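Welcome! Please take a moment to look over the chain, and then read on for a short tour of a sheet and the helices packed on it.

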Amino acid sequence: GLVEGATDLATAVFRAGDAETSDHRVRVYRQGPPIPIADLVPLFDHLGLRDPLEEAVGPWRGMHPEIDFRLAVDGEVEGLGERVNITVYRIVQECLNNIVKHAAASTAEVSVSRVDEDGRDSLRVTVRDNGRGLVDPAAVRATRFGMLGMRERAEALGGRLEVAGGEGGGLSVGVVIPLVES
């Protein structure tokens, strides 16, 4: 269970105390069923981006063992700020949901890395699968609002959404978000 006296995830992490190691907080954080985003918001600054992304990918592995879900995080992705972390988390959630519902894929890969994009420190997030791509008109209709939402989230941070793929070649959804120096 959670830390004594805690009834929700956020309380559990904060009651774990600053004196505890981040490893302890991660163990507390990962217990239980998938976590609603409202409970994750206060955690993004404490846990960074890596662990919430693992939390986003983890439940899909158990629910869909026929799909090989992979997560690769490269470079320093901690301390990016709540807005960037939530945006990335939501985009990854949407992509994984679309893969499970529409792709008929056997592999889903999520990669996150710090990159130099046009001379700017940026975060690149790519979610790709080996499914059927966007050739099924019903799948295109079903995912259009999700794609629009992902594009709007990326653009709100000065970023962009890139979608590539085709029949039999799977689909790749990429997001590049410039990181503002604080």
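## Helix 6 and where it ends

Helix 6 itself covers residues 82-103; helices (H or I, at least four residues) and strands (E, at least two) are DSSP runs, numbered from the N terminus. Its 22 residues reach 30 Å from first C-alpha to last, close to the 32 Å expected at 1.5 Å a residue (the expected span is 1.5 Å times one less than the number of residues).

A word on the source: this is a predicted model, in which local features need pLDDT of at least 70 and side-chain atom pairs count only at pLDDT 80 or more, while totals for chains, interfaces and linings use all residues. Residues are numbered from 1 along each chain as its sequence is written, and side-chain values use heavy atoms, leaving out hydrogens and water.

## Its partner, helix 5

Helix 5 (residues 50-63) packs against helix 6 at an angle of about 15°, and the two axes are 10 Å apart. Axes here are lines fitted to C-alpha atoms, for helices over the stretch in contact, and angles run from 0 to 180 degrees between N-to-C directions. Helix 5 is therefore roughly parallel to helix 6, a label for angles under 35 degrees.

Which residues of helix 5 meet helix 6? They are Pro52, Leu53, Ala56, Val57 and Trp60, and they touch Val88, Tyr89, Val92, Leu96, Asn97 and Val100 in helix 6 (contact means heavy atoms within 4.5 Å). By class, this contact has 10 nonpolar residues, one polar and no charged.

Next comes an open sheet of five strands, in the order 1-2-3-5-4 and with mixed pairing; two strands pair if DSSP finds at least two bridges between them. Strand 1 (68-74) and strand 4 (160-165) are the edges, each pairing on one side only. From one strand to the next, the twist averages 15°.

Strand 2 and strand 3 are antiparallel, with 10 bridges, and Ser113 stands opposite Arg124 in strand 3. In their hairpin, two residues lie between the strands, and Asp118 has a positive phi near 55°. Strand 3 also pairs with strand 5 in the antiparallel sense, over eight bridges. Ser172 in strand 5 stands opposite Arg128 and also opposite Ala164.

## Helices on the sheet

Helix 5 lies across strand 1 and strand 2, running at about 170° to strand 1. Helix 6 lies across strands 1, 2, 3 and 5, and runs at about 15° to strand 3.

Note on methods: Parallel < 35°, antiparallel > 145°, perpendicular 65-115°, else oblique. Nonpolar A, V, L, I, M, F, W, Y, C, P; charged D, E, K, R; others polar.
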